[in-house]
Amino acid sequence: MITPAVTVHRIGREGEPVAVIENFTPEPGALRDDGAMRVFAARDDYYPGVKAPVPDDYIAAQLAVLRPIFRDVFGITNRISVLDICYAIVTAASDTLALKQRLPHVDGLAPGGLALIHYLVPGGSDGTAFYRHRATGFETIDRARSDSYFAHLNQDLRIHGPPPLAYLDGSTPIFERIGHFDGHFNRALIYRGRLLHSGAISADRALTSDPKTGRLTITGFFATD
């Protein structure tokens, strides 16, 4: 059996960690088969695609890999709660994207929040990128920074105009890309949800809702007590 391999990357000026896990699960093909049988639907959460439930034991099966990362990389020793975990496929056409879907985002402002993305496309797929807001220099947004960040962002949008109807894929006049990780098959990323990030969806990527051919991932969000 191929065992998971973990590397930790410190990105940007703030040096936030991104844990990269190769060979995250022992049977990624079984997850793809399971995903192919699920019913996907859109949610009202600004995700540009569709989602479906994952197997009930998905997180429990990965705890031996996840616990040391939570502890040693992110310094979390108290209990972790799963806020959400699901299959996800990007499907939205570029010309239908809302403004929020064309900008980097954070998953939450809480200090203990963590995010996971697990890529499940054989041969690899578009990955995930991380950003710095040029006007403030912020790479993470928490409650203390949020008012300043959004005030500057609104000013940026007045000066530069809204971003084009396209997925964010590289630096812009408002944001500088500070890190990028490809979506290698059975690779997972874990990072703090307060990091500015975006899916790195290339302009020529054919988007489909079919789990067998689309950009199938598993996304998860965690909180600490």
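β5 is mostly covered, with six of its six residues buried, where buried means under 20% relative accessible area, exposed over 50% and partly exposed in between (1.4 Å probe, protein chains only). Strands here are DSSP runs of E with at least two residues, and helices are runs of H or I with at least four, numbered from the N terminus. This is a predicted model, in which local features need pLDDT of at least 70 and side-chain atom pairs count only at pLDDT 80 or more, while totals for chains, interfaces and linings use all residues. Residues are numbered from 1 along each chain as its sequence is written, and side-chain values use heavy atoms, leaving out hydrogens and water.

In a regular strand the side chains alternate between the two faces of the sheet. On one side of β5 sit Leu 114, Leu 116 and His 118, on the other Ala 115, Ile 117 and Tyr 119, and all are buried.

Leu 114 has Arg 192 as its bridge partner in β8 and Phe 222 in β10.

Next come the cores, each a set of buried Ala, Val, Leu, Ile, Met, Phe, Trp, Tyr and Cys residues joined through side-chain atoms within 4.5 Å. The largest has 28 residues, and Phe 24, Tyr 58 and Ile 69 are among those with the most contacts inside it. Elements giving it two or more residues include β5, β8 and β10, while α3 gives the most, with four. Apart from this core lies another of 13 residues, including Tyr 131 and Phe 175.

Conventions
Pairing = 2+ DSSP bridges.
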